[in-house]
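Okay, thanks for making time, everyone. Let me put the structure up, and then I'll talk you through it.

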Amino acid sequence: QVQFAESGGGAVQPGGSLRLSCAASGSIINIYNMGWYRQAPEKYRELVATITSTGHAHDEDFVKGRFTISRDNAENAMYLQMNALEPEDTAVYYCNSIPYGIWGQGTQVTVAS
């Protein structure tokens, strides 16, 4: 089973940007749908954005217009460009297939003044 490793998180001020990366342990070409998830303290894990193997992307309303998901099947990688970050975006971000498999460690994103 393909496993994923997230990177690129950090601490930024409101309005700042980050680019998250997701590296897969194997080929993702046959994984039809993949997504970025996040889990804020004391909240359930939620889906942020999804993208199919053919590049069809969907963003949840709370990030629409601010986050952009992309994937590179040749590099077995997926990305999340996050702009106009808000304190409410503070969470641990995970990448995974849909439906999800084994969870990685995630990458922490903290948005604060």
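**A quick walk through the fold**

So, of the contacts in the protein chain between residues at least 6 apart in sequence, 53% join residues at least 24 apart. One thing to keep in mind: this is a predicted model.

How about overall dimensions? The C-alpha atoms fill a box of roughly 40 × 25 × 20 Å along the principal axes. The radius of gyration is 13 Å, and that agrees with the value near 13 Å you'd have for a compact globule of 113 residues.

Buried residues account for 44% of the 113. The chain exposes about 6,000 Å², with carbon and sulfur atoms supplying 49% of that. On charges, we've got 7 positive and 11 negative side chains, and the centres of those two sets lie 1 Å apart.

Let me zoom in on one residue, glycine 35. You'll find glycine 35 in strand S4, which runs over residues 33-39. Is glycine 35 buried or exposed? Buried, because its relative accessibility is 0%, and the cut-off for buried is under 20%.

And what does glycine 35 touch, leaving out residues up to four places away in sequence? The list is Leu47, Ala49, Thr50, Ile69, Met78, Tyr94, Cys95, Asn96 and Ile98. Take the cysteine from that list: glycine 35 and cysteine 95 are 60 residues apart in sequence, yet their C-alpha atoms are 5.7 Å apart in space.

That's it from me.

Note on methods: Residues numbered from 1 in each chain as written. Predicted model: local features only at pLDDT ≥ 70, side-chain atom pairs only at ≥ 80, totals over all residues. Heavy atoms only, no water. Rg over C-alpha atoms; globule rule 2.2 N^0.38 Å. Buried < 20%, exposed > 50% of the residue type's maximum accessible area, 1.4 Å probe, protein only. Contact = heavy atoms within 4.5 Å. Areas by Shrake-Rupley, 256 points an atom, 1.4 Å probe, with all protein chains shown as cover. Lys, Arg positive; Asp, Glu negative; His and termini not counted. Charge placed at Lys NZ, Arg CZ, Asp CG, Glu CD. Helix = DSSP H or I, 4+ residues; strand = E, 2+ residues; numbered from the N terminus.
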